[in-house]
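Q: I have a model open and want to learn to read its features. Can we go through them one by one?

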Amino acid sequence: TEGLYEFSGWLRLRNEAERNMAFQLIIYDDVNQWRSVVELSKATYWTKVSNTEWTHFWGVMDVSFTGIMTSATIVPVFLSGPTDYYIDDVSMQRYTPDTIIKNGGFEEGDIAWFPFWYGTTTIEATSEDARTGDSSLLVTGREASWKGISQNMKMDPLMMPGVEYELTAWVK
């Protein structure tokens, strides 16, 4: 069925120290024939994975085709070719956005967040001080006032041209 689908899971490399990874979605129809591959530009969420810790991945894909979708395959794509990996807790379901920002209360740690731009900025979910809930995000090591936190917003079509969005945050 057409629409937005959210996928998530955890991945760890088996042998290699670190790799960049993205995803591709392959859809099968009601006669179990390969039907469509979602454009890689719409079906990617690039992240670094390693062999030392589990990395959480997630994204939203816009599935557009006619017919009955009987199954979907989420394929990890690695920039420098195939590699062995462990994968766990994979899920995919219809996406019904209540907000574009993921994990805005940081109750799931720093999942979905990363330092903006290159440099020494680090982020860490902490329970030391929170306005609401149990957690907030501590940002340290900023080299310039414009360096802070970021989230991948390229998950088309969550943000639409010509639509106004309101962003609010509590900063201390």
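Q: How many aromatic pairs does a search of the whole structure find?
A: This is a predicted model, so local features are read only where pLDDT is at least 70. The search of the whole structure finds three aromatic pairs.

Q: How is a pair of aromatic rings described?
A: By the distance of the centres and the angle of the planes. Take Phe-106 and Trp-113. Their ring centres are 5.3 Å apart and their planes stand at 50°. Planes under 30 degrees apart would count as stacked and over 60 as edge-to-face, so this pair is tilted.

Q: Are Phe-106 and Trp-113 buried or exposed?
A: Both Phe-106 and Trp-113 are buried.

Q: What kind of aromatic pair do Phe-116 and Trp-146 form?
A: An edge-to-face pair. The planes of Phe-116 and Trp-146 make an angle of 80°, and the distance is 6.1 Å centre to centre.

Q: Where in the chain do Phe-116 and Trp-146 sit?
A: In two loops, 30 residues apart. Phe-116 is in the loop between strand E8 (114-115) and strand E9 (122-126). Trp-146 is in the loop between strand E10 (136-140) and strand E11 (149-150). The pair thus links distant parts of the chain.

Q: Why does Phe-116 count as partly exposed?
A: Buried means under 20% relative accessible area, and exposed means over 50%. Phe-116 has 34% relative accessibility, so it counts as partly exposed.

Q: Which residues make the nonpolar surface patch?
A: Phe-116, Trp-117, Tyr-118 and Trp-146. The patch covers about 560 Å². Trp-117 lies in the loop between E8 and E9. At 56% relative accessibility, Trp-117 counts as exposed.

Q: What does Ile-149 contact, leaving aside its neighbours within four places in sequence?
A: Start with its place, strand E11. Ile-149 is partly exposed, with a relative accessible area of 34%. Its contacts are Phe-106, Trp-113, Phe-114, Phe-116, Ile-123, Leu-137 and Val-139. Now look at the backbone. The C-alpha atoms of Ile-149 and Phe-116 are separated by 5.1 Å, yet these residues are 33 residues apart along the chain.

Q: Which backbone atom does the side chain of Asn-103 reach?
A: The backbone nitrogen of Glu-107, at 3.3 Å. Asn-103 is in the loop between strand E7 (85-94) and E8. Its relative accessible area is 14%, so Asn-103 is buried. Leaving aside neighbours within four places in sequence, Asn-103 is in contact with Glu-108, Gly-109, Asp-110, Ile-111 and Trp-113.

Q: Is Arg-19 buried or exposed?
A: Arg-19 counts as buried, at 8% relative accessibility. Its place is in strand E2 (residues 18-28).

Q: Which backbone atom does the side chain of Arg-19 reach?
A: The backbone oxygen of Pro-82, at 3.5 Å. Not counting residues up to four places away in sequence, Arg-19 touches a set of residues including Leu-13, Thr-47, Lys-48, Val-49 and Phe-78. Pro-82 is also one of the residues in that set.

Definitions and conventions. Residues numbered from 1 in each chain as written. Heavy atoms only, no water. Phe/Tyr/Trp six-rings, centres within 6.5 Å; stacked < 30°, edge-to-face > 60°. Buried < 20%, exposed > 50% of the residue type's maximum accessible area, 1.4 Å probe, protein only. Helix = DSSP H or I, 4+ residues; strand = E, 2+ residues; numbered from the N terminus. Polar contact = N/O pair within 3.5 Å; in protein donor to acceptor, adjacent residues only side chain to side chain. Contact = heavy atoms within 4.5 Å. Patch = residues over 30% accessible without salt bridge, like charges linked within 9 Å, V, L, I, M, F, W, Y side chains within 5 Å. Areas by Shrake-Rupley, 256 points an atom, 1.4 Å probe, with all protein chains shown as cover. Salt bridge = Lys/Arg side-chain N within 4 Å of Asp/Glu carboxyl O.
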